[in-house]
Amino acid sequence: MSTTPSAQEIIDRAIALIPTLRERAAEVEKNRMVSKETIQDFQDAGFFKILQPKRWGGYEMSPNVLNKVLMELGRGCPSSAWNVMVLGVHPFEVGLLDPKVGDEVWGEDPTALISSSYAPFGKVTAVEGGYELNGEWLTSSGCDHAAGGAFLGGRVQENGGMVFRSFWVPAKYLKIVDDWHVVGLAGTGSKKLVVDKVFVPSYRSHVIGDYNESTHGHVNNLYKMPFFYVFYAAVSSVLVGMARGMEDLYIEHMVPRQNLNQAVGAAVNDPFIRQRLGAASAKILGAASRILANTDEAWSYASKGELVPLDVRIKHFATNQFTGGECFEAAHMLFKKTSTRGVWLSSPLQRQMRDILVATNHITQNEDNIGDLFGGQLLGAKLPVPNPFGVK
């Protein structure tokens, strides 16, 4: 009989994997996907069980356990960590749906993984008993490893308006098209999914932004956390890990380096090299602390069976989205100080920087629009409809 490890045990497993992930990072980028061997390492460590319901063999832990794991794994290989983030969040979403979905995903294999593509690229039509999906959905990270299918997002006309829904589609209905040729995070294997007029029963779908007693009052405590919040915080956490990886590489690069300025000598004696590191580290630490504090505050409600209040949700959801800009700025501050040595393709510094560049372009790091919504709320403006806070 398996036992549930402690949160610290799982985090320690992530830390222990960092050297291995660094060794494999170049090969991950070359192959444009994470290896089955690495995915198995993550399975063995229990990372995909953190948010999985206990009913199907999961640990059902606080989201901060996953966040802390991602903050470590991103230091070793951003693409591999990104796969853990995506594939590790979706068990949470299953916990929001009819238990029949969990039975279908994990009835035969409790380790089955689920990928996703939420952007409404394809067409969704409401039909009797459910929905019909047709078309292409881009950038499904880790889809090669997703025997459990995928969550696809789409807008559909119903109840007098346009609604944004998520649909679980079994793997047998998905065709993977390898179109993932990108400047960074190449190893995530974020390929296109194609579906051909697939019927999705109503119980395999939910309105992804809904958050109230009728939608969340009946679920276990973990799943009283808003899904969008958990997902966005996980993306922010893996970005912190990537920035910490740049910090690690910068330190390794600078400690043995000799400065061309003979009056300074060793690079570690250069006040500007030290200042960049101190300032960057402070930015990264600040971002990490905010994500963890936000999640702890939300968890203080959900762990008692309560829904997270609106003002708390807005504050957390909005402020976590500033992580990308902060981590990119911190990483670029360090990268620029590595001079020419950092630009060689043989240097892991340039790969880490490119991965961070692409990761911070993710929609969950849209600080412009969310800053406008958050600032308006602080000023007493009425929230628009629709909005990402589960409020109508």
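Author: Let's start with α4 (78-94) and helix α7 (residues 227-254). α4 and α7 pack at about 165°, their axes 10 Å apart, which makes the pair roughly antiparallel. Helices here are DSSP runs of H or I, at least four residues long, numbered from the N terminus, while strands are E runs of at least two. Axes are lines fitted to C-alpha atoms, for helices over the stretch in contact, and angles run from 0 to 180 degrees between N-to-C directions. Angles under 35 degrees count as roughly parallel, over 145 as roughly antiparallel, 65 to 115 as roughly perpendicular and the rest as oblique.

On the α4 side, the contact uses Pro-78, Ala-81, Trp-82, Met-85, Val-89, Phe-92 and Glu-93; α7 brings Phe-227, Val-230, Phe-231, Ala-234, Val-235, Val-238 and Met-242. Contact means heavy atoms within 4.5 Å. Sorted by class, that's 13 nonpolar residues, no polar ones and one charged (Ala, Val, Leu, Ile, Met, Phe, Trp, Tyr, Cys and Pro are nonpolar, Asp, Glu, Lys and Arg charged, and the others, Gly among them, polar).

A quick word on provenance: this is a predicted model, where local features need pLDDT of at least 70 and side-chain atom pairs count only at pLDDT 80 or more, while totals for chains, interfaces and linings use all residues. Residues are numbered from 1 along each chain as its sequence is written, and side-chain values use heavy atoms, with hydrogens and water left out.

Next, helix α3 (residues 63-76) packs on α7 at about 30°, with the axes 6 Å apart, so α3 runs roughly parallel to α7. This crossing is right-handed. Among the α3 residues in the contact are Asn-67, Leu-70 and Met-71; α7 partners include Val-230, Ala-234, Val-238 and Met-242. The class count for α3 with α7 is nine nonpolar, five polar and four charged residues.

Finally, α7 meets helix α9 (residues 310-320) at about 30°, axes 9 Å apart, so those two are roughly parallel. Their crossing is left-handed. Phe-228, Tyr-229, Tyr-232, Ala-233 and Ser-236 of α7 touch His-316, Phe-317 and Asn-320 of α9. That contact has five nonpolar, three polar and no charged residues.

Definitions and conventions:
Left-handed = near helix turned anticlockwise from the far one by under 90°.
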